[in-house]
Amino acid sequence: MGAGGRMNEATIDKSVMKRVPTEKTPFQISDLKKAIPPHCFKRSLATSSYYLFRDIAICYTFYYLASNYIPLLPKPLSYIAWPIYWFCQGSSFMGIWSIGHDLGHNAFSEYQWLDDALGFVLHSSFLTPYFSFKYSHRSHHAHTNSMEYDEVWIPKRKADTLYFEVLNNPLGNMFMTVVRLLLSFPMYFTFNIHGREYDGFASHFYPQSPIFNASERKQIWLSDAGMLIAFYALYKVAAATSASWLFCIYGAPLLVMNGHFIFFTFLHHSHPSLPHYDSREWDWIRGALCTVDRDYGIFNTIFHDVTCAHVVHHLISTIPHYHTVEATKAIKPILGDYYKYDDTPILKAFWRETKECIFVEPDQGAENSGVYWFRR
């Protein structure tokens, strides 16, 4: 029985690591849309609002309990209660942020102006420049896994000695993991860390950044204004209470939210079985399929299934989150081997991907193929 169990686990691991096909797909996006039940495309303002207000109510409940009861606890218990609150509230923040992400895709309602207004408020509240992210994220969806034009999680090449020679070891992996989880979220928006290379200063806060085109620059100013208002509001709260109180109630949960975001977006786009393509081989549908669905348990629900139904989101980003699981089930028979699902426990998968996905190179003998695979 023991040997059989090990054999079964090895078989599962081998299946999970099997490379997806790189040939042009025998299906088109129109075939996938036809397979999805029509109601999955309908954006219900009432249903979307229910999820938003439910998440806000949960967030407020955590805040009320923490602000009113944790200060009453004796010191040893409060040292345990605060980190529990930080994790729970940070996860709640991530759920609301995910709805803001849907708003940027116009997947919340039929009204673009309403989606943008709500998204602007929600993302600004979590120190995210709404329109700036909306536009760069749209480009990410348009160029997923393109070596030249994707906007985020651009893989390194072997020639990058920092990644290949210095960080390709357990200590280096641990260092990069800590840096990613703590700093990558603000560093991405400020300095375009993990983003594509541009000529000139690339920042989500800089309206003249090459990330954006001329028609988008006014709304980048608006995003910056939203951030300034949020920072001013936080300053006023800190002045009325204390900086330590603000950190405990808002700052630490925000760091947890940032860590969640980096954690699952890294896992969306980093897997040894998924290729990247350069301009000789890339096309939109194969690029969109180069992401992976994973099982996060209860966090699938908390994060509105962005974790377990990410493939279909890249294919049709206007499907509201409450229909993405059903839509995924509908298209899986058509996608076949082009669909990647990995049920490896997420902590194990995260550590594996930090070790296995160091840089990308073509296979030996296929240097001119335009197809790149992760190496270590």
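About 110 Å³ of space lies in the second largest cavity of this predicted model. A cavity is a set of points, on a 1 Å grid over the protein atoms alone, where a 1.4 Å probe fits but cannot get out. Grid points are joined across faces, edges and corners, and a volume is the space filled by probe spheres set on the points. Lining residues have an atom within 4 Å of a point. The second largest cavity is lined by 14 residues, and Asp102, His304, Val306, His313 and His321 are the closest to its centre. Helix 4 and helix 14 (321-335) each supply at least two residues of this lining, and the largest share, 4 residues, comes from helix 4. Helices here are DSSP runs (H or I, at least four residues), numbered from the N terminus. By class, the lining of the second largest cavity has 6 nonpolar, 6 polar and 2 charged residues. Ala, Val, Leu, Ile, Met, Phe, Trp, Tyr, Cys and Pro count as nonpolar, Asp, Glu, Lys and Arg as charged, and the others, Gly among them, as polar.

Residues are numbered from 1 along each chain as its sequence is written. Because the model is predicted, local features need pLDDT of at least 70 and side-chain atom pairs count only at pLDDT 80 or more, while totals for chains, interfaces and linings use all residues; side-chain values use heavy atoms, with hydrogens and water left out.

The whole structure holds 5 cavities of 30 Å³ or more. In the largest cavity there is about 280 Å³ of space. Its lining has 24 residues, and those nearest the centre are Phe133, His137, Val152, Phe261 and Thr265. Two or more residues come from each of helix 4, helix 6, helix 8, helix 10 and helix 13 (310-315), with helix 10 giving the most, 6 residues. The lining of the largest cavity divides into 11 nonpolar and 13 polar residues, with no charged ones.

Helix 4 (residues 75-104) and helix 6 (residues 130-142) also meet each other. Their axes come within 10 Å and cross at roughly 65 degrees. Axes are lines fitted to C-alpha atoms, for helices over the stretch in contact, and angles run from 0 to 180 degrees between N-to-C directions. The crossing is right-handed, that is, the near helix is turned clockwise from the far one by less than a right angle. In this contact (heavy atoms within 4.5 Å), Trp97, Gly100, His101, Leu103 and Gly104 of helix 4 meet Tyr130, Phe133, Lys134 and His137 of helix 6. These residues divide into 4 nonpolar, 4 polar and 1 charged.

Next come the pockets. A pocket is an open set of points with protein on both sides within 12 Å along at least five of seven lines. The largest pocket holds about 730 Å³ of space. Of its 30 lining residues, Ile154, Pro155, Lys156, His194 and Gly195 lie nearest its centre. Helix 8 (170-191) and helix 10 (243-269) each give at least two residues to this lining, and the largest share, 7 residues, is from helix 8. The lining of the largest pocket has 17 nonpolar, 6 polar and 7 charged residues.

The second largest pocket has a volume of about 310 Å³. Phe87, Leu181, Val256, Gly259 and His260 are the closest to its centre among 14 lining residues. Helix 10 gives the most to this lining, with 7 residues. The classes here are 12 nonpolar, 2 polar and no charged residues.
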